[in-house]
Amino acid sequence: MCSGHTPERPAAQPPRVFLLSPANAGGERMALVLSARARFALARAVQGEGAPIGEVFRFASGLYFRGKLAYALAFARPPAGVPGALVIAPGAGLVPSDAPVRATDLRAFASIPVDAREPRFRAPLERDARLLAEAVGDEGEVVLLGSVASPKYVEPLLAILGARLLFPPDFVGRGDMSRGGLLLRAVRAGAELPYGPVAGAVLHGPRPPRLAPLRGARALDAPARPRRPDAARRRG
């Protein structure tokens with residue numbers, strides 16, 4: 001867990017750091033970034049000097065990760081020297097959202113299952129969670145922006161962070177896209193969601209009402225996939 005973007009924390013408030021659950025490094029959209037034929041800027045950066053992991057995962061996950069990243073950067077109150085937004089990266093532990101990653105890094109992430117039973121995933125995560133626990137202290141808060149219904153990263157994090165590990169209960173019952181929209185609305189309103197402890201939390205619940213459309217929001221911060229010529233002919 002190395003240094004990154006560290007906004008100043010207001011006085012008399014406990015530190016708060018956000019953990020962002022990972023995007024699928026082996027998914028279809030990530031393959032676009034890794035394609036040797038890709039010509040868009042993000043792909044060229046990944047295959048060259050590197051691009052921020054937050055931006056790469058935002059491309060791969062679309063609205064959900066875009067919401068998580070924007071929310072974490074808006075509301076983090078990290079202690080000195082600690083990034084406010086840390087991404088769970090398979091095999092690399094907790095990585096600052098502005099840390100550069102290259103094609104070799106992304107392929108390494110994709111080769112490691114996101115599973116608490118996988119030592120290559122668990123050991124780096126536990127290592128960085130211990131460092132984070134020491135950095136935020138007993139009064140600090142670590143907010144997980146991700147699913148708490150699966151033990152794949154919750155179980156090792158909870159074992160180290162205990163009562164300091166929080167999440168937004170408004171996530172319960174929502175799908176990924178709804179969570180992303182909820183987070184972006186909170187950023188626009190400048191109002192944080194309430195948090196509750198992960199330990200003992202209700203993990204499943206009824207689906208909340210659908211969110212109203214977010215006016216002026218782009219569906220994805222990424223170029224659209226080129227249409228296949230044969231598909232274009234069929235539609236024409």
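The model is predicted, so local features require pLDDT of at least 70 and side-chain atom pairs pLDDT 80 or more, while totals for chains, interfaces and linings use all residues. Residues are numbered from 1 along each chain as its sequence is written, and side-chain values use heavy atoms, with hydrogens and water left out.

Strands are said to pair if DSSP finds at least two bridges between them. Strand 1 pairs with strand 6 (residues 141-145) in the parallel sense over 5 bridges, and Arg16 stands opposite Glu141 in strand 6. Strand 1 also runs parallel to strand 3 (residues 85-89), to which 3 bridges join it; the bridge partner of Phe18 in strand 3 is Ala85.

A nonpolar core is a set of buried Ala, Val, Leu, Ile, Met, Phe, Trp, Tyr and Cys residues joined through side-chain atoms within 4.5 Å. The largest such core has 41 residues, and Phe18, Leu20, Val56, Phe57, Tyr71, Leu106 and Leu145 have the most contacts inside it. Helix 4 (residues 63-75) supplies the largest share of this core, 6 residues. A second, separate core of 25 residues includes Leu86, Val136, Val142 and Val172. With contact taken as heavy atoms within 4.5 Å, Leu106 touches Ala25, Met30, Leu34, Val46, Val56, Phe57 and Val101, not counting residues up to four places away in sequence.

The structure holds 6 aromatic pairs. Rings of Phe, Tyr and Trp (its six-membered ring) pair if their centres lie within 6.5 Å; planes under 30 degrees apart count as stacked, over 60 as edge-to-face and the rest as tilted. Phe57 and Phe65 form an edge-to-face pair, 5.7 Å centre to centre with 80° between the planes. Phe57 counts as buried because its relative accessibility is 0%. Phe57 also forms an edge-to-face pair with Phe109, at 6.3 Å centre to centre and 80° between the planes. This pair links distant parts of the chain, Phe57 in helix 3 (residues 53-61) and Phe109 in helix 5 (residues 103-110), 52 residues apart. Elsewhere, ring pairs link Phe18, Tyr71, Phe75 and Tyr195 into a cluster.

Just after helix 7, Gly162 takes a positive phi of about 55°. Arg164 is buried yet has no salt bridge, that is, a side-chain nitrogen of Lys or Arg within 4 Å of a carboxyl oxygen of Asp or Glu. The nearest side chain of opposite charge, Asp138, is 4.3 Å away; Lys and Arg count as positive and Asp and Glu as negative, with His and the chain ends not counted.

Conventions:
Buried means under 20% relative accessible area, exposed over 50%, partly exposed in between (1.4 Å probe, protein chains only). Helices (H or I, at least four residues) and strands (E, at least two) are DSSP runs, numbered from the N terminus.
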